[in-house]
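Biologist: I have the model open and would like to go through it piece by piece. Can you take my questions as they come?

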Amino acid sequence: MPAQAAALLSSGLPGLLDAVPAYGSLYVEFDEQALPLDTLTGWLAGWTPSGNAGAGRLVDIPVCYDGEDLAAAAEFSGLSTEQVAQRHSEQTYRVRALGFVAGFPFMETTPPELQLPRRAAPRAQVPPHSLAVAGAQTGIYPVAAPGGWNLLGRTLQAAYDPHREPPFLVQPGDRVRFVAQPAGAPLLPPVQPLDLLPEHPQWPALQVGQPGALSLVMDRGRFRAGRFGLVRSGPLDPEAAALANDLLGNRPDAPLLELHLRGPELEALRACSLAVTGLGLTALVNGQPQPPYSAFTVQPGQRVSFRPSGRGRVTYLALQGGLETGTFMGSASTDLKGGLGRPLRRGQLLGSAQPAAPLRCERQFLPWWVRRMEAAQEPLQLRLLPAAAGEATESALLGQVYRIRDLDRMGARLGGPTVPGGEITSEGSPVGTVQLPPGGQPIILLNDKGTLGGYRRGGRVHPDDLPRLVQSLPGREVRFVADGIF
């Protein structure tokens, strides 16, 4: 699978968005208007591996075996802690996939006597660089993250560092040997986030007074990078983001700000035009509310602030000319888990990517569904599609009414009737997939989902319905319906 994914991504096929290898599957995402399904399946059917395909590199990683669960592994195996370290380090592992978080390698095969089951209660935060095992798998936590694997030690070389070239220590198909190091080796510091906004923009336009609760730079998203465990990112409400840019004459994927919960306070450094779309916040200029889904011009010294509207969740702020940003793997989108970009900070300067004369008049465009959503009290209908070709949707979900318990950039967690859930072999899934964990309460996966998922799937929400979902507040009722019913 890794060799096929690499060959597909380098094939030059138009419309190919991503190819993510997993244990026994290859997840392929594509634009069917640019890449017909027959063309893609024909390429996949005709692909033959080269003589050295799948050989991968041999990578030695230094490890200090001093993890919190080393004693538990010794008790489980009947070995001493020294023997556990020796047995684990004398094995050569194959990297089957990267996922969960950026650069996390899923490797096989852990020696049978060390195949501890996942912890009954996952840790809220696993330290970065932790070496861990779960069943037949061995993995490395590149960054601090929740996790239920058993910690045997820590690596002395970072599995992922966005400041390094290459950023990823290993790739799918590589072979890994762990080289035991003496106890007491210094801790490897956490990987520092990579700043994407320039400290001194070429055309400064705004200065951040208060950064707001969560203000993130977004463009269309980070494509063709899922095989490294990087999330897609990009705007939760792509329609609203594209409209903000359109109101200013920017290109549709120009970088802008996605605002959550409480917006920033900004001071205009020069005359410039802004556009605000989405339902979460109302924009104010020197305290005066601006129309929703509108573009307007601010003058030097004027202050732009935001207040919750009570009608939605996510808001977009675009600057004429687009925000000036750097990129990582072709995208300016923030990936907090992957250490790519940061939320806004007090005193930060925001500049445009190119100079632009301010608009001569205010512009507004209110989408039809926004007006309908304001008046509607009935449950939001979400059309279900199969999660993958040939896969049926979960009939137990259809017609059921759930309530949104909470929603963030990773997913929407629902409360309501339980449906059969459980674990599957980890594999890729598109944004909008309805995941069914063992507890039976659905989770709709959103932009910052892991690239690989290990829970049952009940289909996926139609992409055209996701903007209405992500603008919904906790407690909103949603109903799953078959595609074609609206």
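Biologist: Strand E2, residues 26–30: mostly covered or mostly open?

Modeller: Mostly covered: four of the five residues of E2 are buried, buried being under 20% relative accessible area with a 1.4 Å probe, protein chains only. Bear in mind that this is a predicted model, where local features need pLDDT of at least 70, side-chain atom pairs count only at pLDDT 80 or more, and totals for chains, interfaces and linings use all residues. Residues are numbered from 1 along each chain as its sequence is written, and side-chain values use heavy atoms, with hydrogens and water left out.

Biologist: Which way do E1 and E2 pair, and over how many bridges?

Modeller: E1 (residues 16–21) pairs with E2 in the antiparallel sense over five bridges. Two strands pair if DSSP finds at least two bridges between them; strands are DSSP runs of E, at least two residues, and helices are runs of H or I, at least four, numbered from the N terminus.

Biologist: What joins E1 to E2?

Modeller: A hairpin, through four residues. Leucine 16 has phenylalanine 30 in E2 as its bridge partner.

Biologist: Other topic. What is the strand order in the six-stranded open sheet?

Modeller: The order is E13-E14-E21-E16-E19-E23, with antiparallel pairing. E13 (214–218) and E23 (363–364) are at the edges with a single partner strand each, so one side of each has no neighbour in the sheet.

Biologist: Which helix packs on that sheet?

Modeller: H5, residues 238–248. H5 touches E14 (256–260), E16, E19, E21 (314–319) and E23, and its direction makes about 155° with that of E16. Contact means heavy atoms within 4.5 Å; angles run from 0 to 180 degrees between N-to-C directions, and axes are lines fitted to C-alpha atoms, for helices over the stretch in contact.

Biologist: Which residues of H5 are buried?

Modeller: Ala240, Ala241, Leu243, Ala244, Asn245, Leu247 and Leu248. These buried residues pack against E14, E16, E19, E21 and E23.

Biologist: And what follows H5?

Modeller: Glycine 249, with a positive phi near 80°.

Biologist: Back to the pairing in the sheet. What stands opposite alanine 275?

Modeller: Alanine 295 in E19. E16 (residues 272–278) and E19 (residues 294–298) pair in the antiparallel sense over five bridges.

Biologist: Last one: how do H1 and H2 cross?

Modeller: The axes of H1 (residues 2–9) and H2 (residues 37–46) come within 11 Å and cross at roughly 130°. Gln4, Ala7 and Leu8 of H1 meet Leu40, Trp43 and Leu44 of H2.

Definitions and conventions:
Buried < 20%, exposed > 50% of the residue type's maximum accessible area, 1.4 Å probe, protein only.
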